[in-house]
Amino acid sequence: MVLKVYADRLSQPSRSVLLFCKIIGIDFEEIQVEVLKNQRFSPEYKAINPMSQVPAIVDGHLKLFESHAILIYLSCSFPGVANNWYPSDVSKRAKIHSVLDWHHSNLHRGSVGLILNTIMAPKGFPSSPQAAKEAEKILMKSLNKLETFWLKDGSFLVGSSKPSIADISLVCDIMQLQLLSDKDFDRILSPYKKVLQWIQDTISATAPHFHEVHGLLFKAQKRIRGQMLTQSEIFCAFSKI
């Protein structure tokens with residue numbers, strides 16, 4: 001049976017799994033679960049993932065959720081996956097696990113908190129300026145750790161010369177910041193030159209799949225930034241009355 005991937009391309013973890021599937025050439029069926037429409041709470045989807053989060057996969061009798069667990073499973077279960085994505089060396093694997101564990105409590109927490117409390121609050125959950133401020137602090141600290149620690153010894157995470165599943169996971173997360181205004185995006189990321197170069201290196205290493213998987217995000221970016229510009233023009237017009 002073909003692998004089934006339940007995902008929403010506006011979700012950072014979903015994109016990381018979809019991107020990896022395409023990179024390693026897995027034959028899979030993508031099944032859309034739209035988070036903003038609360039489709040993840042349907043009885044059918046909760047039977048696959050009781051946590052009601054995306055992504056999730058079904059591979060034969062296996063039902064698996066949590067993107068990091070999925071990436072590790074795919075790396076180990078499908079033939080022909082290049083060693084750099086999830087090395088056979090136990091010490092190198094341990095380093096990848098360390099950055100993935102750090103990711104959820106730091107970088108992901110900061111980026112999600114900022115986006116959800118500024119421009120993408122789920123239906124029924126009002127945004128919070130104070131929560132956005134706290135999330136940005138976490139995000140900035142996380143970007144600093146990326147710049148000064150995780151990327152200090154190589155072009156990719158944990159001193160590697162080639163990308164791993166950790167690079168995919170973290171870069172897909174940072175890409176969510178594209179939904180911010182140009183001004184805020186540059187303000188947050190421009191101080192971190194190593195991070196910016198690492199993002200570009202990861203995009204190049206995963207081409208052409210990276211841009212295809214992020215196409216929906218880029219469309220949302222264009223729409224959201226267009227709305228921001230319209231609102232700004234309206235404010236300027238009224239300020240002159």
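Colleague: Let's start with charges: how far apart are the mean positions of the positive and negative ones?
Modeller: Bearing in mind that this is a predicted model, the mean positions of the 28 positive and 22 negative charges of the protein lie 4 Å apart.

Colleague: OK, and what is the fold built from, in helices and strands?
Modeller: The protein has 11 helices and four strands. Its radius of gyration is 19 Å, close to the 18 Å that the globule rule gives for 241 residues, so the protein is as compact as a globular protein of that length.

Colleague: What box do the C-alpha atoms fill?
Modeller: Taken along the principal axes, the box is roughly 65 × 45 × 30 Å. As for the interior, buried residues account for 44% of the 241 residues, and of the contacts between residues at least 6 apart in sequence, 67% join residues at least 24 apart.

Colleague: Changing topic, which domain does UniProt place at residues 1–82?
Modeller: An unreviewed UniProt entry gives "domain: GST N-terminal" for that stretch. Over residues 1–82 the chain is 33% helix and 22% strand, with the end C-alpha atoms 23 Å apart.

Colleague: And Lys 137, where does that one lie?
Modeller: Lys 137 is in helix H6, which covers residues 129–150.

Colleague: How far is Lys 137 from Ile 48?
Modeller: Their C-alpha atoms are separated by 35 Å, and the two residues are 89 residues apart along the chain.

Note on methods: Residues numbered from 1 in each chain as written. Predicted model: local features only at pLDDT ≥ 70, side-chain atom pairs only at ≥ 80, totals over all residues. Heavy atoms only, no water. Helix = DSSP H or I, 4+ residues; strand = E, 2+ residues; numbered from the N terminus. UniProt positions renumbered as here; feature names shortened; annotations may be inferred. Rg over C-alpha atoms; globule rule 2.2 N^0.38 Å. Buried < 20%, exposed > 50% of the residue type's maximum accessible area, 1.4 Å probe, protein only. Contact = heavy atoms within 4.5 Å. Lys, Arg positive; Asp, Glu negative; His and termini not counted. Charge placed at Lys NZ, Arg CZ, Asp CG, Glu CD.
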